[in-house]
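Me: Please examine the following structure with me. I shall ask on what grounds each description rests.

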Amino acid sequence: MKIEFRLITGAVIAVVLISPIVARAGSRSHLLSEDAALDLLQRTLKRDRVYEKQISLDCIEYGTEETTNAYFEFVLREIHNAKCGGDAETSPAIDRYRVYRRSGKIQQWEAAEDKWQSYRSPEH
């Protein structure tokens, strides 16, 4: 009886000690990669038709400006070529976004307010 109690107690203690480690390892495996974060951003902007009245999505290029453990920061730039028009020597920034690796949350840079804000779908 004492041996069974010790075995059960040992098993419970092992589970309690190992559970947080397994939980942390599992949550890290669900972090967005840079490609997945960019895909999420592109799908969101296309779904919400953010630039529909401003510029064709075919005339936007995406670049990664910053990578941290928490997020990827992307800049959207105009493509200037024969199809899209504009001076081929320039590629003005249109917007900047952060996509958070763990949550998939998107923030947009608000230059006028000089701060990051939660992304909100524009009203159509």
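Reply: Two strands pair if DSSP finds at least two bridges between them; strands (E, at least two residues) and helices (H or I, at least four residues) are DSSP runs, numbered from the N terminus. This is a predicted model, in which local features need pLDDT of at least 70 and side-chain atom pairs count only at pLDDT 80 or more, while totals for chains, interfaces and linings use all residues. Residues are numbered from 1 along each chain as its sequence is written, and side-chain values use heavy atoms, with hydrogens and water left out.

Me: What makes strand 4 and strand 5 a pair?
Reply: Four bridges join strand 4 (residues 106-110) to strand 5 (residues 115-118), and the criterion is at least two, so the two strands pair. They run antiparallel, with Gln107 opposite Ser118. Four residues lie between the strands of this hairpin, and Asp114 in the turn has a positive phi of about 55 degrees.

Me: Why is the charged end of Lys105 said to sit over the ring of Tyr100?
Reply: A charge sits over a ring if NZ of Lys or CZ of Arg is within 6 Å of the ring centre and within 35 degrees of the ring normal. The charged end of Lys105 is 5.8 Å from the centre of the Tyr100 ring and is assigned as sitting over it.

Me: How confident is the predictor in the protein, and where is the pLDDT below 50?
Reply: On this confidence scale from 0 to 100 for each residue, the mean pLDDT is 85, and 76% of residues reach 70 or more. Over residues 19-27 the pLDDT is below 50. Where pLDDT is low, the predicted coordinates should not be read in detail.

Key
Contact means heavy atoms within 4.5 Å.
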